[in-house]
Every structure is written in structure tokens, then in C-alpha cells.
Amino acid sequence: MTALGETAPRTPLGRRFGLLMGALLLSSLGNGLCFPFTSIYISQLLGLGGRAAGGYFIAMAAASFAAALAGGPLADRGSPHRVGALGGAALAVGYALLAPADSVALVLASGVCVGAGFGLFYASIVGVVDRAVPESGRRAAFAIRHIVNNAGIGLGSVVAGLALHGADTPVGALRWLYLANGLAALPLIAVILGVRPRTRPAPGNRPATAERSEAGPTYRTLLRARPMALLILAQALFAIVGFTQIEATVPLLMHDRMAVTLGWVSTVVAANSFALIALQPLLRRHLERLPETVGLAAGPVLWAIAFGCGLGAALAGETAPAAVRYGLLLAFAVVFAAGELMYSSAFYPLLLRWSGEEAVGRASALASLAWNLGTASGPPIGLFVVAHASAAGSWLALALGAAAAFTVTAALHSRAGA
């Protein structure tokens, strides 16, 4: 027992990873200050209308798609740190442009910069994180990165709510929040460049990416490999049936179909965030012992169980004791968080292993594009279900979606073991 304890020191991932997560927390906090309000800010507060707001998101999506495709090979040919820093700079400029925006042209320019920033950042961040930690720490590192990102956004949303609640003019307060969001990206740029390895890996260790990337796999080659194609499909499904549903669909389902108060809706969402933080150190050793494909498949299984808790709360109805009804909803939040940790600890280590270091940028770009597809299509699907089904039927539909994601991860596990 002592030997086991000694193999898990308190800070195994190192100073570079800690600095990177600190900067990522600050950047995510900046994003949380603004992202729920952008469409309202552009269309109503700036008085530019719905077309301008729609144009912003279209410009952002198109730029993100193009930048991810271009950023993957750039990260593979050179350094993911340079690409990540360039993405951070584009995010800083894009969000800062929204602060003084008073025309459609500035709004569209902001959308292009923000989209390009996200595309470049997500095509490179996997390689940046991987090079900041020992190979044995990959799974813990990516799980922590997921927690940090969510915690930052949640904290930023709270700060924004407090700032706007006391503001005399919401448009004026939001201008400062967008400026703060842009400034919050600057430390991330500095840290990404600061944690860049200064020496080439030894011949027996990780390969020198710049020397091998020219002959590395293309996007088409990566997708022709069945395990990688299934992994990218799983990424899209995780966004569609999981992450977007807890963010967009479940709060509406609880409030509109189950008469859950806004206070309790907020409590359930907060419980999910706190559970992520609390469960990670408790589950870390178990996560590292599981084969990665098993951990990935366990994620949607836990989500199906979580949605089943929600179904139980819906079937119990408003006449059930509050301890039963709200206890089941809190259980949903906690079990769903466990599924998130299964995903985050397994997906990116698998992506790194199956792509090879000479193509990790391209593989990360494909994962980013799949994620964007999922986050764009998941909320409309979930909201359609809630609008046309009962509370119990909606929870059941969400559970069936998680089961569909499991079938893909099960196929991936079988293919990987073949």
C-alpha cells in the first residue's frame, strides 16, 4: 500500500503544466464573461439587428473551419506552440474588436478573428499540453484541462452576472467585459510560448516533429484508418448527445417540463461543475488503470445512467418528496460529471496515440471540426425533442442518444482490439 501511495506524488505533472492550466483558467474565465451575451449584445444593445448577430456567428464558424484545417498541418510542420500563440492572439484581437464595435463591418471582423483564433488554438492545444507533461501523465492532464476550462467559464459567468446586475448601462458594461476577455488571452499567449521545449528530444524519446511531419499522414489518410474515423465520429456524438444537452437542453427541460425553479436549475448545473472538481482526484487512479477505449465507452454509459436519474425525477412528479425529486436531479449532475471525466481522460490520449506525433495537429483539427459540428447541431436537436415530447419522453430520448454514442465507442473498442 505504501508503494502505491509513493507512485502518485501530489504534483506529478510539473510546473510547466501548472502554468499552462493557470493561463487557460484565466482565458476561460474571460470567455465566460461574454459568450452567453454576444447575440443580445450585437442585435439589441448595439442596435445592429439579428442579421448582424447571425453574420457574426457565420463568420466565426467559417473562419474556425478554415483555420483548423490550415492550423493542423502548420502545427505538425513546425511547433504547436507557435500556432497556439497565434490562435490566442487572434482571440485577443477578435474579442477586443467587439468592445468598440458600432458597425456591421467591425462585428464581422471580430467574428473572423475569433473563429480563426479558436480554429488555430484547438488544432494546437493537444500538442502543447502533451509536450508539457510526461507521457504517463497524459490522461490526468487532459482530464484536468477539461475541468479547468469548465471552471473558468462558470466563474466568468458568475462575475459577468454580478457586473451586469449593478450596471447602469448594460452596453457599457459589456464593452468592458469584451475588452477584459481580449486581455485575458494575453497571458495564455505568453505561457504557451514560455513552456515551449528549448531542446530537441533525444533519439530514443519523442521524435522531432519538424523533421518527420512532411511525410506524415494527411487528413484523408487519417480518416481512412477505421479506429481514427470512429474516434472522430465519437467526438461529434459526444458533443451532440452529451455536452450540448447538459448546457442547452437539460436546463430548459427541468424548467419548462418539470416546473423546476430557476434557483434549482442553477443548483443542478453548479453541482455538475463542482462534481467535476471533486471526482477527478478520487477517480484518477481508477481512470489510469482502465484501458483508454474502455474508459471512452464508459462515458456514454454513465451519461445514460445520469439521464435515467432525470427520468426517475420526472416520473416521480411534483408530488414526490423534494428529497427524492431533487436528489435524483443532483445524482444526474454527479453521474454525468463522472462520464465527462471518462471522456476527457481517454479521448485525447487515444487521439495522440493513433495519430502519431507527426500528425497530431491534423488529428486535433479533425477533432475540433467534429466538436464544432456537434455543438452546432446538438442544441437544435435537443430543443426540438423538449418541444415535442413530455418530460419523461425527453429524458428517455436523451438516454437513447447516449446509447447511440456507446455503440460507436463499443465498435471502436472492438476495432482497436482486433
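Helices are DSSP runs of H or I, at least four residues, numbered from the N terminus.

A word on the model. It is predicted, so local features need pLDDT of at least 70, side-chain atom pairs count only at pLDDT 80 or more, and totals for chains, interfaces and linings use all residues. Residues are numbered from 1 along each chain as its sequence is written, and side-chain values use heavy atoms, with hydrogens and water left out.

Back to the pair. H7 is residues 138–165, and H12 is residues 262–289. Their axes come within 10 Å and cross at roughly 165 degrees. Axes are lines fitted to C-alpha atoms, for helices over the stretch in contact, and angles run from 0 to 180 degrees between N-to-C directions. H7 and H12 are therefore roughly antiparallel, the word for angles over 145 degrees.

Who touches whom? Contact means heavy atoms within 4.5 Å. On the H7 side, the residues include Arg139, His146 and Asn150. On the H12 side, they include Gln280, Arg284 and Glu288. By class, this contact has 8 nonpolar, 3 polar and 3 charged residues. Nonpolar covers Ala, Val, Leu, Ile, Met, Phe, Trp, Tyr, Cys and Pro; charged covers Asp, Glu, Lys and Arg; the others, Gly among them, are polar.

Next, H2, residues 15–34. The axes of H2 and H7 come within 6 Å and cross at roughly 35 degrees. This crossing is right-handed. The contact of H2 with H7 has 14 nonpolar, 6 polar and 1 charged residues.

H2 also packs on H8, residues 170–194. The angle is about 165 degrees, with the axes 8 Å apart. That makes H2 roughly antiparallel to H8. The crossing of H2 and H8 is left-handed. Leu20, Ser27 and Asn31 are among the H2 residues that meet H8. Tyr178, Asn181 and Pro187 are among their partners in H8. How many charged residues does this contact have? It has no charged residues, with 16 nonpolar and 4 polar.

Last, the cavity. The largest cavity holds about 40 Å³ of space. Its lining is Pro80, Gly127, Asp130, Arg131, Leu352, Glu357 and Val360. A cavity is a set of points on a 1 Å grid over the protein atoms alone, where a 1.4 Å probe fits but cannot get out; lining residues have an atom within 4 Å of a point.

Notes
Helices (H or I, at least four residues) and strands (E, at least two) are DSSP runs, numbered from the N terminus. Angles under 35 degrees count as roughly parallel, over 145 as roughly antiparallel, 65 to 115 as roughly perpendicular and the rest as oblique. On a 1 Å grid over the protein atoms alone, a cavity is a set of points where a 1.4 Å probe fits but cannot get out, and a pocket is an open set with protein on both sides within 12 Å along at least five of seven lines; lining residues have an atom within 4 Å of a point. Grid points are joined across faces, edges and corners, and a volume is the space filled by probe spheres set on the points. A crossing is left-handed if the near helix is turned anticlockwise from the far one by less than a right angle, and right-handed if clockwise.
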